[in-house]
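Visitor: I have a model open and would like to go through its fold with you. Can we take it piece by piece?

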Amino acid sequence: MKNKELADLFEKMADILEFKGENPFKISAYRKASRVIGDLTQDIEEIAEQGELKNISGIGEGMAQKIVEYLKTGKISKFEEVRKGVSDELIAIMDIPGVGPKTLSMLHKEKGIGSLSQLEKALEDGSLMGLFGMGEKKIENIKRGIQLLKQSKGRMNLGLAFPVAKQIVETLRHKTGSKKIEWAGSLRRMKENIGDIDILATGPDQEKIVQAFTHLPEVKEVLASGETKASIIVEGGTQVDLRVVEEDSYGAALQYFTGSKGHNIHLRGIAKAKGIKINEYGVFKGKKKIAGKEEKDVYRVLGMDWIDPELREDRGEIEASQKGRLPKLVQESEIKGDLHVHSKWSDGASSIEEIARVAQDRGYQYVAICDHSKFLKIAHGLDESRLVKQIEEIDRLNEKLKGFQILKGTEVDILADGKLDFPDKMLEKLDFVVAAIHSGFKQDKGKMTKRIIRALENPCIHILAHPSGRLLGARDPYEVEIEELMETAKKYGKALEINAYFERLDLDDIHCRKAKEMGIQVGIGTDAHHLDQMWMISLGVAVARRGWLEAKDVLNTLSLKEILKWRHQSR
Ligand code: DGT
Ligand code: CA
Ligand code: CA
């Protein structure tokens with residue numbers, strides 16, 4: 001897939017044009033194209049072959065030609081032309097958070113800065129102070145930006161950021177007595193990776209909130225601290241920003257700082273057309289403030305329904321809201337079981353009984369024990385005779401349980417040729433069969449696609465685990481025709497997994513949405529190997545919500561009775 005390459009290239013193009021001070025419309029057309037291509041689930045090459053590039057909204061004739069040129073030649077001549085006279089080193093600086101193309105253009109003109117080392121030197125020797133917009137804070141920001149970029153581009157996994165934010169918010173609420181403290185930004189949108197954590201608060205004593213924040217036990221360094229805002233660094237190098245606002249502006253500020261930037265820009269455009277102004281202080285018609293205290297009012301005065309934060313990526317949610325057609329997103333409280341948990345029979349840490357107890361405490365009706373199969377020796381995968389023993393143990397445990405059932409499952413390996421690691425006769429004894437790839441990631445696309453399709457054709461399997469095989473920040477997805485997989489899943493009534501383990505989140509949000517559009521069920525499993533990973537179902541639900549899924553799209557909103565019935569139908 002060349003989708004990402006192309007998306008990055010168009011983004012670069014926009015940056016360079018902006019650096020050169022070119023026409024803003026041209027710049028935003030490239031940014032838009034970049035975003036649209038980045039969000040596509042279908043291979044752009046396929047779309048191009050079918051001559052359907054122009055049917056993609058946001059891609060015009062000129063853009064389509066450039067895409068075709070790139071696919072044919074690996075280059076875009078317009079890009080080569082535009083970047084003439086702009087060195088690679090300059091282009092690299094634009095990736096630093098806090099240094100946009102405009103700032104860089106100014107630094108380049110005024111101080112002849114043309115490389116990262118020149119920039120670092122100028123930041124240190126104070127020669128930038130007093131330049132337009134370059135105060136102490138801005139300089140600190142840029143230094144921090146460089147640091148962030150150097151630390152593997154500085155983004156943090158959602159599953160690591162989420163517990164940190166939760167702890168901070170709980171402590172602040174407790175210490176200040178204010179209930180109106182919550183996280184905003186990409187974390188509230190539950191993006192799979194987080195640049196920094198943004199916390200918003202209000203209360204009668206604003207300074208007390210700031211004080212409590214800068215004195216949190218988690219603080220490693222206080223970057224800045226003022227009357228109404230502060231920034232800290234916590235364990236692991238994550239930055240946390242706090243803003244304290246007036247109660248009367250809390251809703252507007254929450255809306256503003258939740259973003260995304262694209263969503264907010266779109267929203268402001270709609271407001272402007274109605275003669276309304278929105279900012280972090282409120283919504284204004286002329287001098288009159290018409291909303292600000294409650295977030296839902298910001299949307300209401302624009303004639304829109306409140307939009308769940310997970311949808312705010314400018315992927316059609318604004319139009320849907322205007323038409324009153326937003327999805328009723330699945331909620332964690334609707335999840336009735338975990339569909340993928342490992343016990344110490346393979347590489348998990350807990351007994352099946354312990355897992356069942358935690359699952360019951362979480363209010364579930366079932367949990368599927370899906371230990372590895374024998375192929376996966378390093379994970380102590382089960383062979384047939386051990387699986388038979390495990391089945392007996394689960395039967396014994398189930399006899400004691402009321403209103404709850406342990407589902408007998410497996411995470412069976414899909415071998416290199418697409419055969420499964422257990423014979424069908426064995427799989428037929430199970431309640432829930434998860435099939436997964438754990439080897440041969442480097443197979444070519446055709447082979448990998450056939451391999452997985454063959455597995456999906458087997459009537460014994462129910463769900464395909466972590467369909468793309470990616471590991472966040474560590475391993476790219478394997479090469480596979482994901483659309484073809486989805487069509488096969490659809491054809492045979494198989495579900496696809498959202499693996500909620502924090503390093504996977506696979507399916508991702510975009511493919512979830514695609515699955516829904518195709519009418520494929522999605523099942524959420526934590527892949528927990530430890531009891532205290534079972535909370536990660538929240539991450540899986542977040543992915544589902546970002547993928548616009550409703551309860552009916554998610555397999556494990558079914559009751560125990562219903563899921564057992566579904567299981568028979570899917571065979
Ligand atoms: P991150 O931290 O990179 O994961 O992403 P965000 O979305 O949390 O971004 P962040 O922390 O820079 O800012 C938080 C929110 O504040 C962002 O989602 C939208 C809002 N915001 C920040 N800067 C701007 C801006 O220049 N324009 C607009 N419209 N909104 C902004
Ligand atoms: Ca943020
Ligand atoms: Ca921030």
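Guide: What follows goes through domains, sheets, helix pairs and some backbone details.

Visitor: What should I know about the model and its numbering?

Guide: This is a predicted model, in which local features need pLDDT of at least 70 and side-chain atom pairs count only at pLDDT 80 or more, while totals for chains, interfaces and linings use all residues. Residues are numbered from 1 along each chain as its sequence is written, chains are lettered from A and ligands numbered from 1 in the order in which they are written, and side-chain values use heavy atoms, with hydrogens and water left out.

Visitor: Which domains does the assignment give?

Guide: The assignment gives domain 1 (3-152), domain 2 (156-244), domain 3 (249-322) and domain 4 (332-569). Such bounds come from an automatic or database domain assignment.

Visitor: How far apart are the C-alpha centres of domain 1 and domain 3?

Guide: Those two centres lie 28 Å apart.

Visitor: On to sheets. What is the order of the five strands in the open sheet?

Guide: The order is β2-β4-β7-β6-β5, with mixed pairing. Strands here are DSSP runs of E with at least two residues, helices are runs of H or I with at least four, and both are numbered from the N terminus. Two strands pair if DSSP finds at least two bridges between them.

Visitor: Which strands are at the edges?

Guide: β2 (181-183) and β5 (219-225) are the edge strands, and each pairs on one side only. On average, neighbouring strands of this sheet are turned by 20° against each other, direction ignored.

Visitor: How do β4 and β7 run, parallel or antiparallel?

Guide: β4 (residues 197-201) and β7 (residues 238-244) run parallel, joined by five bridges. In that pair, D198 stands opposite D241 of β7.

Visitor: Which helices lie across that sheet?

Guide: Helix α10 (residues 158-176) lies across β2, β4, β6 (229-234) and β7, running at about 170° to β2. Helix α12 (residues 206-214) lies across β4, β5, β6 and β7, at about 170° to β7. Angles run from 0 to 180 degrees between N-to-C directions, with axes fitted to C-alpha atoms, for helices over the stretch in contact.

Visitor: And the sheet of three strands, what is its order?

Guide: That open sheet has the order β8-β9-β10 and antiparallel pairing. Its edge strands are β8 (277-279) and β10 (288-291), each pairing on one side only. Neighbouring strands are turned by 35° against each other on average, direction ignored.

Visitor: What links β8 and β9?

Guide: Three bridges join β8 to β9 (residues 282-285), and the two strands form a hairpin with two residues between them. K277 stands opposite F284 of β9, and N279 stands opposite G282.

Visitor: How many bridges join β9 to β10?

Guide: Three, and these strands run antiparallel. K285 stands opposite K288 in β10. Their hairpin also has two residues between the strands, and G286 takes a positive phi near 60° there.

Visitor: Now helix pairs. At what angle do α2 and α4 cross?

Guide: α2 (residues 24-39) and α4 (residues 61-73) cross at roughly 60°, and their axes come within 11 Å. The two are therefore oblique to each other; angles under 35 degrees count as roughly parallel, over 145 as roughly antiparallel, 65 to 115 as roughly perpendicular and the rest as oblique.

Visitor: Which residues make the contact?

Guide: A29, Y30, A33 and I37 of α2 meet M63, K66 and I67 of α4, where contact means heavy atoms within 4.5 Å.

Visitor: What about α21 and α22?

Guide: α21 (residues 482-492) and α22 (residues 509-518) pack at an angle of about 40°, with axes 11 Å apart. That makes α21 oblique to α22. The contact is made by I482, E483, M486, E487 and K490 of α21 and H511, K514, A515 and M518 of α22.

Visitor: Last topic: which peptide bonds are cis?

Guide: Among them is the one from G259 to S260, with omega near -5°; S260 is in the loop between α13 (250-258) and α14 (261-273). Another cis bond joins D506 and L507, with omega about 5°, and L507 lies in the loop between β16 (495-499) and α22.

Visitor: What is the phi of D314?

Guide: D314 has a positive phi of about 55° although it is not a glycine. D314 lies in the loop between α15 (295-300) and α16 (317-322). Most residues other than glycine have a negative phi, and most peptide bonds are trans.
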